Amino acid sequence: MQFRLLTAIMVFLGSYLPLAVILFSQNIDYKALVHGFCWPLKTGTCSIPVNDAKYSIGFLIITMICFGITVISLLIIRPTQDITVCEAEYVPTDLMNYTLPYVVSFMGVDYNETNKFVGFCVFLGWMFWLTHKSGQIFLNPLLIALGWRLYDVTYSFAGSHTQHKGRALVKGYLEPGIYKQWPVQDIQIIKP
């Protein structure tokens with residue numbers, strides 16, 4: 001079972017918050033910063049010192065919101081169902097999926113150049129599709145930085161000897177033992 005599309009898009013976009021910060025910082029008009037900020041923004045006398053403010057600020061806000069919702073969702077989940085983890089194998093993150101867009105950002109993605117911007121969006125769309133279809137949506141460097149790790153697990157439910165295989169997103173490290181989990185579609189959320 002695949003992660004729901006809207007949820008997968010949110011997790012994916014949230015994982016690119018650092019990229020949005022990079023692109024935003026590349027679009028700041030540093031020469032205009034010496035004039036300081038003024039409020040309210042009036043036509044002709046006051047402006048935001050950001051080139052292509054709608055796109056760069058919009059992408060930054062969208063990724064911040066998506067990342068915030070992802071983190072808050074993981075924080076409020078309270079695992080309640082007992083499982084016995086028989087085997088746990090860490091799934092190393094393929095950082096190449098997340099590194100390529102960062103490299104592309106330094107090659108001159110400019111919101112003003114429609115063809116480059118559209119190409120960049122197509123590239124991110126392609127990366128999302130591959131990540132979503134491969135079930136790797138939680139291989140997210142930002143979640144790793146916050147202490148979350150993805151595992152392939154063999155487990156059984158309390159009182160059952162039937163073993164199941166699946167994936168678990170774990171806050172910290174996981175070894176065989178008894179834990180509480182909360183299933184979110186095909187991912188077990190475990191907080192040892």
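Entry 1: I looked up Arg167 and got a relative accessible area of 18%. Buried means under 20%, so Arg167 goes down as buried. A reminder to myself before going on: this is a predicted model. Next I checked what Arg167 pairs with, and found a salt bridge to Asp152, with 2.8 Å between the closest N and O atoms. Arg167 belongs to strand E3 (residues 164-171) and Asp152 to strand E2, so this pair ties together parts 15 residues apart in sequence. Asp152 comes out at 32% relative accessibility, so I noted it as partly exposed.

Entry 2: the other salt bridge. How many salt bridges does the count come to? It comes to 2. Besides the Arg167 and Asp152 pair, I found the side chains of Lys180 and Asp82 meeting at 2.8 Å, N to O. This pair links distant parts of the chain, since Lys180 is in strand E4 and Asp82 in strand E1, 98 residues apart. Lys180 is partly exposed at 40% relative accessibility, and Asp82 is partly exposed too, at 31%.

Entry 3: the strands around E1. E1 (residues 81-90) pairs with E4 (residues 177-184) in the antiparallel sense, over 5 bridges. Then I followed E1 to strand E2 (residues 148-157): the two run antiparallel and are joined by 7 bridges. Here Ala88 stands opposite Val153 in E2. I also jotted down that in a regular strand the side chains alternate between the two faces of the sheet.

Entry 4: a charge over a ring. I looked at Tyr90 and found Arg149 over the face of its ring, at 3.7 Å from the ring centre.

Entry 5: aromatic pairs. My search of the whole structure turned up 5 aromatic pairs. In one of them, the ring centres of Phe12 and Tyr16 are 5.0 Å apart with the planes at 65°, so I put the pair down as edge-to-face. Is Tyr16 buried or exposed? It counts as buried, at 1% relative accessibility. Phe12 counts as buried as well, at 4%. Phe12 also pairs with Phe128: centres 5.3 Å apart, planes at 65°, so edge-to-face again. That pair links distant parts of the chain, with Phe12 in helix H1 (residues 5-15) and Phe128 in helix H5 (residues 114-133), 116 residues apart. Both of these Phe residues are buried. Putting it together, I get a cluster of Phe12, Tyr16 and Phe128 linked by ring pairs.

Entry 6: Leu124. I stayed with helix H5, where Leu124 has its place. Leu124 is buried, with a relative accessible area of 11%.

Entry 7: out on the surface. Which residues form a nonpolar patch on the surface? I found Ile61, Ile65 and Ile69, with about 250 Å² of accessible area together. Ile69 is in helix H3 (residues 53-76). Its relative accessible area is 38%, so I marked Ile69 as partly exposed.

Conventions:
Residues numbered from 1 in each chain as written. Predicted model: local features only at pLDDT ≥ 70, side-chain atom pairs only at ≥ 80, totals over all residues. Heavy atoms only, no water. Phe/Tyr/Trp six-rings, centres within 6.5 Å; stacked < 30°, edge-to-face > 60°. Buried < 20%, exposed > 50% of the residue type's maximum accessible area, 1.4 Å probe, protein only. Helix = DSSP H or I, 4+ residues; strand = E, 2+ residues; numbered from the N terminus. Lys NZ or Arg CZ within 6 Å of the ring centre and 35° of its normal. Patch = residues over 30% accessible without salt bridge, like charges linked within 9 Å, V, L, I, M, F, W, Y side chains within 5 Å. Areas by Shrake-Rupley, 256 points an atom, 1.4 Å probe, with all protein chains shown as cover. Salt bridge = Lys/Arg side-chain N within 4 Å of Asp/Glu carboxyl O. Pairing = 2+ DSSP bridges.
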